[in-house]
There are 2 protein chains.
Amino acid sequence: MLIDINEANARAITAIQAAQPIIKGIGTCGEVVPGMKKNLILHAGPPITWEKMSGPMRGAVIGGLMYEGLAGSQEEAEKLAAGGSIEFSPWHEHDGVGPMAGVATASMPVWIVENKSNGRCTFCTLNEGLGKVLRYGAFSKEVIERLIWIEKVLGPVLKEALTHCREINLKNMITQALQMGDEVHNRNKAATSLLIRELAPAVVKTSFKNEEKEKVLSFIHSNDHFFLNLSMPACKAMLQAAEWIDGSTIVTTMSRNGTEFGIRISGLKDRWFTGPALIVKGLLFPGFNDEDCNPDIGDSAITETCGLGGFSMAAAPAIVKFVGGSVGDAMNFTRKMYEITDAESDSFHIPPLDFRGSPLGINLLKVCEKNILPQINTGIAHRLPGVGQVGAGLVNPPAKCFEDALEAYVETWCKDL
Amino acid sequence: MLIDINEANARAITAIQAAQPIIKGIGTCGEVVPGMKKNLILHAGPPITWEKMSGPMRGAVIGGLMYEGLAGSQEEAEKLAAGGSIEFSPWHEHDGVGPMAGVATASMPVWIVENKSNGRCTFCTLNEGLGKVLRYGAFSKEVIERLIWIEKVLGPVLKEALTHCREINLKNMITQALQMGDEVHNRNKAATSLLIRELAPAVVKTSFKNEEKEKVLSFIHSNDHFFLNLSMPACKAMLQAAEWIDGSTIVTTMSRNGTEFGIRISGLKDRWFTGPALIVKGLLFPGFNDEDCNPDIGDSAITETCGLGGFSMAAAPAIVKFVGGSVGDAMNFTRKMYEITDAESDSFHIPPLDFRGSPLGINLLKVCEKNILPQINTGIAHRLPGVGQVGAGLVNPPAKCFEDALEAYVETWCKDL
């Protein structure tokens with residue numbers, strides 16, 4: 001079979017460009033996420049067993065089991081997780097994404113994002129805020145109590161508010177945020193603000209008590225990363241449209257479970273190509289040093305896969321105060337990413353680069369040929385369970401993912417040549 | 001008397017840098033603005049008579065008199081305005097500022113901004129939104145009805161909400177907005193968003209009906225320029241701290257009444273130096289052409305006087321889609337303004353210029369010596385009363401203001417040399 005790679009990749013790019021992710025609503029993970037069940041824990045990155053999980057992912061699993069009432073203590077949770085009755089599966093194999101550890105359990109409310117161009121949905125939990133939070137591996141009483149509040153109040157209030165809102169087009173919101181200094185991975189301040197503007201009047205209209213409405217609006221306001229859990233499923237929805245196109249070498253997934261980094265390629269369907277997750281170089285919070293840092297973790301590299309995050313850092317010069325580097329570095333990261341991508345986004349523009357479209361569609365062949373790895377910016381989790389975030393910085397995938405994927409691609413699609 | 005100009009200017013700059021403008025609250029213009037009374041109309045720019053007023057300012061005066069119930073029709077209002085019983089005075093002579101026509105009457109609610117470093121207050125009306133609005137010279141029924149709603153609902157809701165809010169430091173908010181692509185003159189999208197984030201939970205807490213709260217939040221959300229009426233009194237508060245310093249050549253006011261452009265110099269106290277207001281070059285809304293444009297109008301050039309607006313366009317590349325020009329032009333405007341200013345802001349930073357402080361403290365001597373005029377971006381009003389905005393663009397002051405001010409400065413401070 002003779003494959004026209006360029007034609008296949010053009011189809012993938014067209015599908016990404018055409019995607020129109022909107023907020024469809026909020027549902028309960030166990031009810032709306034395909035294949036979800038009570039004894040299943042979804043997590044970030046490629047597949048992994050309890051034994052191989054890093055500290056922060058273990059911490060999040062412990063917290064998830066306690067939140068679900070399946071375990072009463074850390075010890076019980078660890079025993080249960082190791083015992084075989086709890087199953088683990090990557091979010092990416094259930095049409096969703098999770099930031100950092102990315103742990104989701106059946107009772108958690110999730111955003112439902114629909115790509116209006118193909119009718120398919122993607123999912124993500126609601127962002128918990130800063131400090132001690134499950135996604136960074138914390139599982140203290142305050143973490144569990146907050147998760148319960150998210151389930152009982154935040155989720156229901158937002159669910160009803162969305163019925164009073166005009167349709168929220170996430171692509172359009174991200175386009176605006178890029179003109180306001182976000183790259184919607186580690187800087188979501190503008191997008192979170194734009195979201196609050198849409199939601200606030202609708203929250204007022206809900207049937208909840210004023211105390212609850214006020215707490216919901218204050219909670220979102222307190223967390224500039226709140227929009228991350230929408231930018232991620234929006235990017236997933238856009239890339240989902242490019243999955244499983246025969247012969248395409250476009251990267252559709254980049255994600256990490258804290259132990260391994262995994263990628264998937266459009267023409268290689270659901271196969272994962274993995275390598276060891278690397279240590280993130282960046283700015284650490286006071287009191288932490290390099291030994292505290294867990295390797296790269298989380299599905300949030302879906303933003304880079306979609307040409308945002310590290311790929312659009314030129315739009316977000318202020319991010320260097322958070323992840324390190326200079327404004328010049330930020331400009332150069334974006335410029336460099338054009339070398340490994342096939343297109344420029346029709347929707348996302350980089351104002352300081354004269355509104356050039358963001359670099360879109362990572363081409364496996366270009367990554368291998370030019371030996372340029374995708375540029376990712378990311379949060380850093382403490383390597384032990386129960387601690388939380390220690391900083392943020394810059395990282396690349398291991399080259400092995402791409403080398404292995406190239407080999408598999410040649411075996412799959414170039415056998416007859 | 002021998003004056004140390006550098007020392008005088010350093011004092012002015014220090015006072016501007018030290019200023020901490022915060023939102024103190026909302027009051028009624030007639031009650032809180034010094035010297036305000038029922039038969040007085042405040043307006044933008046240097047002093048002007050009814051006879052010499054441009055169309056949009058006349059339109060705003062007509063609307064103001066009808067809103068106050070002093071006239072029942074356009075004809076009655078015109079007769080009243082021309083008759084001598086109504087007085088006119090510049091906002092700048094009452095510690096305030098007004099965008100475009102800048103017309104304020106006694107019943108209008110106004111923001112009260114306090115500079116915490118000296119305890120002095122400045123004032124500005126609440127922004128009316130887009131389309132047909134008083135500040136652009138419109139005075140139709142919908143304009144007057146909206147002004148009444150602002151007086152009866154928006155003002156009171158925000159006044160009470162502010163009592164439930166933590167203190168809003170406008171300098172800090174502007175600092176953040178500059179990292180989010182605003183220059184807080186013609187781009188206030190980020191700052192408006194940040195303001196909504198602060199206000200929304202507090203609005204929920206007020207004693208008003210849900211319908212009113214919802215309408216207030218929707219009204220602010222519908223208008224990306226809402227923050228302009230806070231950035232202006234914040235800038236006025238900062239510059240007020242530098243007024244009337246013996247021998248200083250720092251420009252403390254640049255403003256336009258639609259007929260004349262006027263400036264004031266710190267060491268020359270309350271003296272106005274005026275020249276004809278110029279035509280703004282920019283992007284016009286569909287259906288309008290150059291002949292529709294009124295000359296430059298409004299107190300909003302207080303933002304440029306404070307190193308924002310046109311002086312900080314490099315922070316707001318997306319503004320070129322609104323006022324015209326290229327991203328390169330925006331960068332160059334900011335770079336050029338360092339040549340006529342004495343300092344760089346300690347608080348306001350330009351991310352694309354590696355966080356350089358914005359150009360602060362226009363020095364009359366440098367403007368005249370280098371023959372570089374301040375760069376202003378601004379809205380454009382239709383030249384006829386009753387129409388409204390026709391576009392936005394770029395403009396400079398007439399050189400005559402600075403030439404006359406220099407002459408007066410030499411006469412005042414250099415007599416003995």
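**Two-fold arrangement and chain architecture of the predicted dimer**

In the predicted model, chain A is superposed on chain B by a rotation of 180° with 0.0 Å of shift along the rotation axis, the RMSD being 0.0 Å. This is the relation of a two-fold axis. Of the residues of chain A, the one that comes closest to this axis is Met180(A), whose C-alpha atom is placed at 2.1 Å from it. For the complex, the predictor gives an ipTM of 0.95 together with a pTM of 0.96, and within chain A the mean pLDDT is 97, with 99% of the residues reaching 70 or more.

The contact between the chains involves 25 residues of chain A and 25 residues of chain B. On the side of chain A that touches chain B, the elements that give two or more residues are helix 7 (189-205) and helix 8 (210-221) of chain A, and the largest share, 10 residues, comes from helix 7. When the residues on this side of chain A are sorted by class, 13 are nonpolar, 6 are polar and 6 are charged. Because 100% of the interface residues of chain A are also interface residues in chain B, the copies meet through the same surface.

Chain A comprises 14 helices and 14 strands, and its C-alpha trace spans about 60 × 45 × 45 Å along the principal axes. The radius of gyration of chain A is 20 Å, which agrees with the value near 22 Å that a compact globule of 417 residues would have. Of these 417 residues, 60% count as buried. Among contacts in chain A that link residues at least 6 apart in sequence, 75% join residues at least 24 apart.

One of the features of chain A is an open sheet formed by 4 strands in the order 8-7-6-10, with antiparallel pairing. Strand 8 (273-276) and strand 10 (297-298) of chain A stand at the edges of this sheet, and because each has a single partner strand, one side of each is left without a neighbour in the sheet.

With 13 other C-beta atoms within 10 Å, Lys269(A) is partly exposed. A positive phi, of about 50°, is likewise found at Met100(A), which is not a glycine, and which is located in the loop between strand 3 (87-90) and strand 4 (109-115) of chain A. Met100(A) is buried, because 28 other C-beta atoms lie within 10 Å, the cut-off for a buried residue being 20 or more.

Technical notes. Residues numbered from 1 in each chain as written. Chains lettered and ligands numbered in written order. Predicted model: local features only at pLDDT ≥ 70, side-chain atom pairs only at ≥ 80, totals over all residues. pLDDT = per-residue confidence, 0-100. Least-squares fit on C-alpha atoms with pLDDT ≥ 70 in both. Contact = placed C-beta atoms within 7 Å. Nonpolar A, V, L, I, M, F, W, Y, C, P; charged D, E, K, R; others polar. Rg over C-alpha atoms; globule rule 2.2 N^0.38 Å. Buried ≥ 20, exposed ≤ 12 C-beta atoms within 10 Å, placed from the backbone. Pairing = 2+ DSSP bridges.
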